[in-house]
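Work through the exercises below with the sequence and the model side by side. Each task is followed by a solution that goes step by step.

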Amino acid sequence: MKSSYHPHIMEIIVRVVFVLTLVNFGILNGQVYDVLKFGAKGDGTTDDSEAFVEAWKAMCSSGGSNKTLLVPSDNTFLLQPLVFQGPCNSLSVQVQLEGKIVAPLNKAAWSDFKSYEWVCFNKIIGLTVRGSGTITGHGSSFWEANLPASKRPTQLHFEGCNNLEINGITSFDSPRNHISIHDCRQVKITQIKLIAPGDSPNTDGIDISASTDVEIYDTIVGTGDDCVALNSGSININIARMRCGPGHGISVGSLGKDGEESTVENIQVTNCTFNETNNGARIKTWPNGKGYARNIVFKDIMLTETKNPIIINQQYIDKGRIDLEESSAVAISNVTFMDFHGTSRQDEIIKIDCSEVTCCKDIVLDRIDITTVDGNKPIAECSNAYGNSTNAYDSCLKTE
């Protein structure tokens, strides 16, 4: 029987798959700037920073819309610190990360980390960073040197980027925090993974500051510090379906250091899991700070052997308590902890330690069902905290 196979069938299939891939990436009708065509080697040892910057400049300066900088698969690109600078002429730009991006192997091999940012995106409107690729910071030499956090670079820094989307990428072993979002509006972060050893210092997953309308959902974060840190200026933040652990939980703060005025409000953290984290839901402010943290909800939280499931520390100091006379505090109010379930590594499942200067007001504890790993009775401790408690063991909140 004569075969119906045609020699060009496989070629046609490959082309169809390629077209479908472009459609999936959203770049079929746009223009693609492949870093390999701008001189990148992709061998993992050659510094490809200049090629990336040149590809970016060409894309950013072109008009129209739907422009894409492509980091192709099956390649490893070594990058020194660089900045993708905006604004761009295109209405929307995309970085399609399918290959691997790596930092120098150790801190001695960095050309310059005085900017304390490895890959920076600055003042770009309508930016999307997406793909199945990875970015690896080789941060261990920074951790082992015991450098303070302020002397280590952030892996991905986004500054002044409105209408920003980050989707699908995986980040490993950042010298400091994996992603920082500063002075951005309308941000959506989905389906990413941020990974570092549980004992790696200050390797926060996502740090947010001076930014509004940020959505983070369907993400996996396991690092050596906060899965998400909400710093001053974080407003209208929605975090959902995050798997956090190892790490220090999801934290509001720290706020008010050195007497600064800090503001955080309208925070929603829902349907998240904390696996063997140091903290679950945490708010931390420094003594003598100013400003407020208010309208904060942690709801539908599942805990597995979390050390401090619910904690508010209005007298936070990271290097030990300094005995100072307290004249002000960041005001904490309208905070809800609802539908917490799981286990705690210690008996004290709730610790709300507030300042005598402002106290914590309108705190709600509702349906808290946390058992201790050792089977002891759960303990809740509060000081200078006012609010209401329902189905939350022995309430320690004061009523007005």
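**Exercise 1.** Does C227 count as buried or exposed, and at what relative accessibility?

Solution. Before starting, note that this is a predicted model, in which local features need pLDDT of at least 70, side-chain atom pairs count only at pLDDT 80 or more, and totals for chains, interfaces and linings use all residues. Residues are numbered from 1 along each chain as its sequence is written, and side-chain values use heavy atoms, with hydrogens and water left out. The scale to apply is relative accessible area, where buried means under 20%, exposed means over 50% and partly exposed lies in between, with a 1.4 Å probe and protein chains only. C227 has 0% relative accessibility and therefore counts as buried.

**Exercise 2.** Find the cysteine to which C227 is joined, and describe the link.

Solution. A disulfide is taken here as a pair of cysteine sulfur atoms within 2.5 Å. C227 is joined to C244, with an S to S distance of 2.1 Å. The pair ties together parts that are 17 residues apart in sequence, because C227 lies in the loop between β18 (212-222) and β19 (228-230), while C244 lies in strand β20. Strands are DSSP runs of E with at least two residues, helices are runs of H or I with at least four, and both are numbered from the N terminus. The torsion about the S-S bond is about 90°, so this disulfide is right-handed. C244 is buried as well, with a relative accessible area of 2%.

**Exercise 3.** What pattern do the disulfides of the chain follow, and which cysteine sulfur is nearest to that of C161?

Solution. The count comes to four disulfides, and with bonded cysteines counted along the chain the pattern is 1-2, 3-4, 5-6, 7-8. C161 is in no disulfide, and the nearest cysteine sulfur, that of C184, is 5.0 Å away. C184 is likewise in no disulfide. At 0% relative accessibility C161 counts as buried, and so does C184 at 0%.

**Exercise 4.** Where is H248 found, and which residues is it in contact with?

Solution. H248 is found in the loop between β20 (234-244) and β21 (250-255). UniProt, in an unreviewed entry, places the feature "active site" at H248; such positions are given in the numbering used here, with shortened feature names, and annotations may be inferred rather than shown by experiment. Taking contact as heavy atoms within 4.5 Å, and leaving aside neighbours within four places in sequence, H248 is in contact with G224, D225, D226, N278, N279 and R282. The side chain of H248 reaches the backbone oxygen of G224 at 3.4 Å.

Note on methods: Polar contact = N/O pair within 3.5 Å; in protein donor to acceptor, adjacent residues only side chain to side chain.
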